[in-house]
Amino acid sequence: MANRDVERGGKQNRGVHNNNNYFYDESSRNTHWTPWLVPAIVVANLAVFIAVMFVNDCPKKINGPNKACVARFLGRFSFQPLRENPLFGPSSSTLERMGALEWRKVVHEHQGWRLVTCMWLHAGIIHLLTNMLSLIFIGIRLEQQFGFIRVGLIYLVSGFGGSILSSLFLQESISVGASGALFGLLGAMLSELLTNWTIYANKAAALVTLLFIIAINLGLGLLPRVDNFAHIGGFLTGLCLGFILLVRPQYGWEASRTNTSVTKRKHSMYQYVLFVVAAVLLVVGLTVGLVMLFKGENGNKHCKWCHRLSCFPTSKWTWERNKRVYYI
């Protein structure tokens, strides 16, 4: 929680205002870390997509003028016909083989690893580029401010939380994508703003801007084929993790260290309260979700209106074997 993080390699910036630190007060101190984890995650996702397309090998499996692969000059890396996959990507069967999230395989075939592997798969090049650009925009800023350990934990655990909620509510489909983890970073940004409220120079502007971005992204989750349950699960997980991992010393504490006549707590009482409440909610939420999932519970039976949070697939998008594929 202190300025001197356990992660090594950061540079201490004293009294320097960082415009990328979204509205922090000029007098606040912060540690600037060199981001490497977020770029590494981007490279890993690109590598996984290339591997998936290599395995997919569209020309070998689809023949005929009415089912021609897209960009056939790419050879085995060419895309499925647009009627099957309008995002320029592989088939649903390939995604399923490579680790897509599927409720039956997780619960009945004990393939719990799919709760994590689905985060590294994408339905197509459009899906991949959208998520990776969002990750660069959000993740690098957070890694610069808080280091790779905390940002990495938020990314992975949020993606895991999003997969749990998705499995509870979308049990007749498969899901792939990193948006659950990305929404976790957005949730962590919101909780970081709230728990570190005193060090912001333009509090209202920062809050309104962030809430607008979150609302727009959650609204896009209502589009066909988008797994909004993974978005919501990732966001709530990241929100709790932000209160736990992204706490900063309150404004004025650094100044009090240079004045022995002034005593000031490093953290405010409300920061401790938010820390404890978030930790309890996170542990209870993930535990209950996992227990319900592996007991074979259907979340829609416990929440009759929750299906409205995610849109049904459109009839204009047909995948082989009538397999519904959602992208996260």
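Analyst: The count comes to 5 salt bridges. Here a salt bridge means a side-chain nitrogen of Lys or Arg within 4 Å of a carboxyl oxygen of Asp or Glu. Keep in mind that this is a predicted model. Side chains of opposite charge can pair when their charged atoms come close.

Start with arginine 76 and aspartate 57. Their side chains meet in a salt bridge, at 3.8 Å from N to O. Arginine 76 sits in the loop between α2 and α3, and aspartate 57 in the loop between α1 (37-56) and α2, so this pair ties together parts that are 19 residues apart in sequence. Aspartate 57 counts as buried, because its value is 10%.

Aspartate 57 has another feature. Its phi is positive, about 45°, although it is not a glycine. Most residues other than glycine have a negative phi. Alanine 71 also goes against that rule: it is not a glycine, yet it has a positive phi of about 60°. Alanine 71 belongs to the loop between α2 and α3.

Phenylalanine 73 counts as exposed, because its relative accessibility is 73% and the cut-off for exposed is over 50%. On the surface, Phe73 is part of a nonpolar patch with Ile50, Phe54, Leu74 and Phe77. Together these residues have about 510 Å² of accessible area.

Now the next pair. Lysine 105 and glutamate 96 meet through their side chains in a salt bridge, 3.9 Å from N to O. Both lysine 105 and glutamate 96 are buried.

A further bridge joins glutamate 192 and arginine 248, whose closest N and O atoms are 3.8 Å apart. Glutamate 192 lies in helix α7 (residues 179-195) and arginine 248 in the loop between α9 and α10 (253-257), so the pair ties together parts that are 56 residues apart in sequence. Elsewhere, bridges with shared partners link Glu96, Lys105 and Glu109 into one network.

Next, look at helix α6, which holds glycine 139. Glycine 139 counts as buried, because its relative accessibility is 0%. In sequence, glycine 139 and leucine 182 are 43 residues apart. In space, their C-alpha atoms are 8.1 Å apart.

The largest share, 7 residues, comes from α11. What about charge? The lining has no charged residues. It has 11 nonpolar and 5 polar residues.

To recap the charged pairs: arginine 76 meets aspartate 57, lysine 105 meets glutamate 96, and glutamate 192 meets arginine 248.

How values were computed
Residues numbered from 1 in each chain as written. Predicted model: local features only at pLDDT ≥ 70, side-chain atom pairs only at ≥ 80, totals over all residues. Heavy atoms only, no water. Helix = DSSP H or I, 4+ residues; strand = E, 2+ residues; numbered from the N terminus. Nonpolar A, V, L, I, M, F, W, Y, C, P; charged D, E, K, R; others polar. Patch = residues over 30% accessible without salt bridge, like charges linked within 9 Å, V, L, I, M, F, W, Y side chains within 5 Å. Areas by Shrake-Rupley, 256 points an atom, 1.4 Å probe, with all protein chains shown as cover. Buried < 20%, exposed > 50% of the residue type's maximum accessible area, 1.4 Å probe, protein only.
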